[in-house]
Each structure stands twice: as structure tokens, then as C-alpha cells.
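Work through the exercises below with the sequence and the 3D structure at hand. Each task is followed by a solution in steps.

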Amino acid sequence: MKKFFSVFFKIVQILLNLIESWGGVLFLGLLFLSVFFQVILRYVFSSPSPELFEIAQYSFIWTIFLGAPYARKFDAHIKFDIIFLKLPRKTQLILQILFDLFFCVMLIMTLGPVLGDVFFYKIIKSEVLRIPWTYLFICFPIFMILTFIHNVIWIVKSFIELFSGKVLPKEVELWG
């Protein structure tokens, strides 16, 4: 059974890495290229491209909503934690668990309505490329699910540290 969970968590980790890292790289690259070619078309050839502008907009949205869970994975979001860091470690862990649990409950409660809205948008198409909005905005429920997964991982790590005193190592970025 232990081997099953080990393999299962390894597969989940690989899938998360593929979606967050490579998906983010793909959309960031698409954003860079579309803006680069927009500048060339607009200022060199005096012929702006509405298609490239729309691609830049939607790749920017996808980059943000894939990057936020990636930052959560490494606990790298900006925080105002001056007071929080002065508290005892056990109090910090309890507060972190409570906040993460609250956020997970909010994500679960809102996922259904968000999915309903996203799938409703299939009747609306983007102005230039004529892509159904469902494909453009499905990044938000993906963001919610990925953030939920990372919050659950942090909750488990916090519980382990709270009750055993064993500090589990944080995930480390490959280039960090």
C-alpha cells in the first residue's frame, strides 16, 4: 500500500509539474512572441494585428493563472508577515492550517458555480479568433484545482510539523 501511494504521489507531482511549469513556459513564450511580432508589425510595417493582440491578452491570463499555483507550491507569494513571524512556531502552524483550510473550503464551494459559468461561455466566441470563451477561461478552474492541491499539501506538511516536530523540506525550484 505504501508503494502504491508513493507511485501515485510521484505521478501527481509529474502531472503538476507538466501543467504548471511547462504550461506556464508555453503561455509566457506565446505572450512574448505575440507582443514581439505586434511591435514589429505595428512600427516596422505600420500594420497592427488584432489576432496577435488577442493572443497576447489570453496568453497573459493563462500565464497568471498557471503561475499563481506554481508560486503557492513553493510558498513564494508576497506576504505581510511581520507580526506572524514574531509568533511562536506552533501558533504560526495553527494559523496557517486554519487559513489554508478556510481557503480550501472557499475553493470547493466556488468551483461548481465557476465551472458552470465557464461552460456557459461556450456560446460566446472571442472577437477576432472566434475561439469559444470556455477554452479561454478554463484556466480559472484549473487555477482553483491546482491551488487546492498545493494548499492540501501545505496543510499536511503543517500538521506533520505541528504534531511530530519534524520539519518537512520545502519544495525547491530547480534553478533556485
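The exercises that follow concern a predicted model.

**Exercise 1. Helix length**

Task: Find what span the 24 residues of α2 should have, and compare it with the distance between the end C-alpha atoms.

Solution. 
- Step 1: The expected span is 1.5 Å times one less than the number of residues, so the 24 residues of α2 should span 34 Å.
- Step 2: The end C-alpha atoms of α2 are 35 Å apart.

**Exercise 2. Two helices in contact**

Task: Decide whether α2 and α5 are roughly parallel, roughly antiparallel, roughly perpendicular or oblique to each other.

Solution. 
- Step 1: Helix α5 covers residues 139–164 and packs against α2 at an angle of about 5 degrees, the axes being 8 Å apart.
- Step 2: Angles under 35 degrees count as roughly parallel, so α2 and α5 are roughly parallel to each other.
- Step 3: On the α2 side the contact residues include Trp62, Phe65 and Leu66; on the α5 side they include Cys139, Phe143 and Trp154.
- Step 4: By type, the residues of this contact divide into 12 nonpolar, 3 polar and 2 charged.

**Exercise 3. Positive phi**

Task: Determine where Ser46 lies, and whether Ser46 is buried or exposed. Then describe the phi of Arg130 and of Asp75.

Solution. 
- Step 1: Most residues other than glycine have a negative phi.
- Step 2: Ser46 is not a glycine, yet its phi is positive, about 50 degrees.
- Step 3: Ser46 is in the loop between α1 (2–43) and α2 (50–73).
- Step 4: Exposed means over 50% relative accessible area, so Ser46, at 62%, is exposed.
- Step 5: Arg130, also not a glycine, has a positive phi of about 60 degrees; Arg130 is in the loop between α3 (89–120) and α4 (133–137).
- Step 6: Asp75, which follows α2, has a positive phi near 55 degrees.

Notes:
Residues are numbered from 1 along each chain as its sequence is written. This is a predicted model: local features need pLDDT of at least 70, side-chain atom pairs count only at pLDDT 80 or more; totals for chains, interfaces and linings use all residues. Side-chain values use heavy atoms; hydrogens and water are left out. Helices (H or I, at least four residues) and strands (E, at least two) are DSSP runs, numbered from the N terminus. Buried means under 20% relative accessible area, exposed over 50%, partly exposed in between (1.4 Å probe, protein chains only). Axes are lines fitted to C-alpha atoms, for helices over the stretch in contact, and angles run from 0 to 180 degrees between N-to-C directions. Angles under 35 degrees count as roughly parallel, over 145 as roughly antiparallel, 65 to 115 as roughly perpendicular and the rest as oblique. Contact means heavy atoms within 4.5 Å. Ala, Val, Leu, Ile, Met, Phe, Trp, Tyr, Cys and Pro count as nonpolar, Asp, Glu, Lys and Arg as charged, and the others, Gly among them, as polar.
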